[in-house]
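Reader: I am new to this structure and would like to learn how to read it. Could we go through it feature by feature?

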Amino acid sequence: MRIWIKDPLAILAPDAARGLVIEGTRIAELVKAGSLPAAPVDAEFDASRHVVLPGLVNAHHHFYQTLTRAHPQAINKELFPWLVALYPIWARLKPRHLHLAVRLALTELMLSGCTTAADHHYLFPPGLENAVDIEVEEARALGLRMTVTRGSMNRSQKDGGLPPDSVVQDEDTILADSERVLKLFHDPKPGAQIRIALAPCSPFSINKRLMSESARLADVHDCQLHTHLCETEDEERFCLEIYGVRPVDLLEETGWMSKRTWLAHGIHFNSEEIGRLGRAGVGVGHCAASNMVLASGICPTCELEAAGSPVGLGVDGSASNDSSNMMEAVRHALMIGRLRYGASSITHLDVLRWATEGSARCLGRDDIGRLAPGMEADLALFTLDEPRFSGAHDPLAALVLCGAHRADRVMVAGRWRVVDGMPVDFDLGDLIARHREASLDFA
Ligand SMILES: [Zn+2]
């Protein structure tokens, strides 16, 4: 089956004024101005109202936090007191909550144009040992691509860490389960729907052996590594006190300085550290909204990219954003970036590149994130019909500057998953009602 996505209003691809042709799960060709597809097509989709982007890729999230958005015990705090307030509330998480949280978060992301999402799940209270299995089941049901990061915490309050004892696991349990889920679910091949990455949570909730053993397992199973790093100055002080080194040195000492690694946040680096990270190819998932809400600081995106690090975008968990909208994340990255670098240094094309190709590189993928022949057919199509776009001239700039936040159509691996701004095969109102009811357990 060959489908021609025909004559888009605008498209984020060079020489594709007449659109592109999808064949099966992949992009077969781009169609230049004044040209026709090279071979006959079976169907045409009139995209003359649509701005066509590669499906957006979310580089960092905590889906379970959709149940604790705008929580009165956590709002208006910085990271450490925010975490200390929320950990005991999150400890109530049960499998039925996580199912609904994952389904809601993936749906929310998908409606904003996201086709691939990384989720960092690190909470494993008793009864929730199979959290990764739940996330994979929900992603398969919705048809989105995911990198499920098997998060972990083994330094609780009794060992000087921040999380309460009830939500952490010992490192042998963590490493055994990491191997289990890698063997069960990780697909390193191009076109994969599900990948697993290993993700010790943050320097203040792990020990060094968990970091180095996770890196060893990632080599054996060819998977990515992920963690929160250099999010706050509190974290830097914690590392110096507990490990006697700065956070980036902790990565170096535990075998994490490689292309396998991408970090969430990456704010408080010095210039020498940025050079080391860039040379090693360590990626950074920039989470602008969360960094602004928690007043953590501004990621040095331009310096990191210049040094050689892939830069992607993440919405971060829904208790510190507090939405999961990838197009909003694109707009936030533009705005906070301009405050730091000036109006001409970060363009709408830069932030769209971070949200697509950049995030894909963080996740270790070169089969998604761009519209080109041979790439996976993951698309996000936006219309400019709402009042906020009326009078806009450059359609691609308008998406970012006027604040697009809901896709009209979303395709994953050649299949439409969103049509007319709604999921294709389930009732959105019913999902919201059930998710909202589940959230009452976390009041
Ligand atoms: Zn996070």
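Author: We start with strand pairing: two strands count as paired if DSSP finds at least two bridges between them. This is a predicted model. In it, E2 and strand E6 (residues 50-54) are joined by two bridges and run parallel.

Reader: Which residue in E6 is the bridge partner of Ile-11?

Author: The partner of Ile-11 in E6 is Val-52.

Reader: In what order do the strands of the open sheet with E2 and E6 lie?

Author: The general idea is that strands of a sheet pair through backbone hydrogen bonds, either parallel or antiparallel. Here six strands form an open sheet, and the order is E2-E6-E15-E16-E17-E18. The pairing in this sheet is mixed. Strand E2 (10-11) and strand E18 (422-423) are the edge strands, each pairing on one side only.

Reader: Which strands does E1 pair with, and in which sense, parallel or antiparallel?

Author: E1 is joined to strand E3 (residues 19-23) by five bridges, and these two run antiparallel. Arg-2 has Glu-23 as its bridge partner in E3. With strand E5 (residues 43-46), E1 pairs in the parallel sense over four bridges. There, Ile-3 has Ala-43 as its bridge partner in E5. Strand E1 (residues 2-6) is also mostly covered, with four of its five residues buried.

Reader: How many residues of strand E9 are buried?

Author: A residue counts as buried when its relative accessible area is under 20%. In strand E9 (residues 145-152), eight of the eight residues are buried, so the strand is largely enclosed by the rest of the structure.

Reader: Which residues point which way from E9?

Author: In a regular strand the side chains alternate between the two faces of the sheet. Arg-145, Thr-147, Thr-149 and Gly-151 point one way from E9, while Met-146, Val-148, Arg-150 and Ser-152 point the other way. All of these residues are buried.

Reader: Which strands are joined to E9 by bridges?

Author: Strand E8 (residues 114-121) is joined to E9 by six bridges, and the two run parallel. His-120 has Thr-149 as its bridge partner in E9. Between E8 and E9 the chain crosses through helix H3 (residues 131-142), and this β-α-β crossover is right-handed. Strand E10 (residues 194-200) is joined to E9 by seven bridges, again with the strands running parallel. Met-146 has Ile-194 as its bridge partner in E10. The chain crosses from E9 to E10 through helix H4 (residues 171-185), in a β-α-β crossover that is right-handed.

Reader: Now the metal. Which residues coordinate the zinc ion?

Author: The zinc ion is coordinated by His-60 (NE2), His-62 (NE2), His-228 (NE2) and Asp-316 (OD), at 2.1 to 2.5 Å. Along the chain these donors follow the spacing H-x1-H-x165-H-x87-D.

Reader: Why is the arrangement of donor atoms around the zinc ion irregular?

Author: Ideal angles at a metal are 109.5 degrees for four tetrahedral donors. Four donors count as tetrahedral if all angles lie between 85 and 135 degrees. Around this zinc ion the four donor atoms subtend angles of 88 to 174°, which makes the arrangement irregular.

Reader: Are His-62 and His-228 buried or exposed?

Author: His-62 is buried, with a relative accessible area of 3%. His-228 is buried too, at 8%.

Reader: What is the volume of the largest cavity, and which residues are closest to its centre?

Author: The largest cavity has a volume of about 140 Å³. It is lined by 17 residues, and the closest to its centre are Leu-79, Trp-82, Leu-83, Tyr-122 and His-228. H1 gives the largest share of this lining, four residues.

Reader: How much space lies in the largest pocket, and what lines the pocket?

Author: The largest pocket holds about 290 Å³ of space. Of its 13 lining residues, the closest to the centre are Leu-104, Glu-108, Leu-111, Leu-428 and Ile-432. Helix H2 (95-111) and helix H14 (428-439) are the elements that give two or more residues to the lining. The largest share, five residues, comes from H14.

How values were computed:
Residues numbered from 1 in each chain as written. Predicted model: local features only at pLDDT ≥ 70, side-chain atom pairs only at ≥ 80, totals over all residues. Heavy atoms only, no water. Donors = N, O, S within 2.8 Å, 3.2 Å for Na, K, Ca; no water. Tetrahedral: all angles 85-135°; square planar, octahedral: opposite > 155°, others 65-115°. Buried < 20%, exposed > 50% of the residue type's maximum accessible area, 1.4 Å probe, protein only. Right-handed = clockwise from strand over helix to strand, strands pointing away. 1 Å grid on protein atoms, 1.4 Å probe; cavity = no way out; pocket = protein on both sides within 12 Å on 5 of 7 lines; lining within 4 Å. Points joined across faces, edges and corners; volume = space filled by probe spheres on them.
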